[in-house]
Amino acid sequence: MQKDIETERLVLRPFRLSDSERVAELAGEKVIADMTANIPHPYEPAMAYEWIQTHQTQYIEGESVVYAITLKDCDDIIGAVGFPLLDHGLGVLGYWLGVPFWGRGIAFEAAEALVEFYKSHHGLTELHVMHLAENERSKSVIKKLGVGYVENMMRQMQGQNREICVYKSVF
């Protein structure tokens with residue numbers, strides 16, 4: 001069973017199907033799609049519902065883990081953090097945060113808590129993360145995490161070639 005992770009301000013918990021409306025509301029903003037590789041615009045509640053339905057099976061099979069980010073005083077989700085790919089100690093980090101919650105250090109706090117929890121309890125030994133070259137907020141989160149820069153490269157995403165910055169660290 002996927003355990004909650006708590007920080008000073010946050011609770012990272014498994015998503016519930018009832019979160020799909022809130023996911024669509026927050027992740028459905030165009031700026032979120034513009035700054036992520038896998039979130040389309042528009043993003044409908046049915047799409048969020050389907051996405052959430054995949055989480056438990058992928059977690060049980062050890063392929064990935066996704067957490068809802070919530071504030072300690074409120075159970076409404078404000079974003080997501082996870083490893084969309086887990087493979088023998090390697091975790092590929094991904095996250096997004098609703099626009100009203102930007103600029104408060106929440107993405108860093110959630111990502112750091114997830115990485116530390118997986119290093120301590122699940123044998124995480126290598127971390128990969130990337131961001132779109134123009135996404136300065138993600139660059140800041142990754143820099144604070146101390147993940148080493150590797151290279152910039154071009155990737156096909158949502159029907160167009162996009163420049164991404166790639167980072168890796170081994171623990």
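**View 1. The second largest pocket holds about 240 Å³ of space.** This is a predicted model, where local features need pLDDT of at least 70, side-chain atom pairs count only at pLDDT 80 or more, and totals for linings use all residues. Residues are numbered from 1 along each chain, and side-chain values use heavy atoms, leaving out hydrogens and water. A pocket here is an open set of points on a 1 Å grid over the protein atoms alone, where a 1.4 Å probe fits, with protein on both sides within 12 Å along at least five of seven lines; lining residues have an atom within 4 Å of a point. The volume is the space filled by probe spheres set on the points. Look for Met-1, Pro-14, Tyr-59 and Val-66 among the lining residues. Helix 3 (residues 45–60) gives the largest share, 5 residues; helices are DSSP runs (H or I, at least four residues), numbered from the N terminus.

**View 2. The largest pocket has about 1,200 Å³ of space.** Its lining takes in 50 residues, with Met-35, Thr-36, Gly-94, Tyr-95 and Trp-96 nearest the centre.

**View 3. Helix 4 covers residues 106–122.** From first C-alpha to last, this 17-residue helix reaches 23 Å, close to the expected 24 Å (1.5 Å times one less than its number of residues). Its buried residues (under 20% relative accessible area, 1.4 Å probe, protein chains only) include Phe-108, Leu-114 and Tyr-118.

Terms used: Helices (H or I, at least four residues) and strands (E, at least two) are DSSP runs, numbered from the N terminus. Buried means under 20% relative accessible area, exposed over 50%, partly exposed in between (1.4 Å probe, protein chains only).
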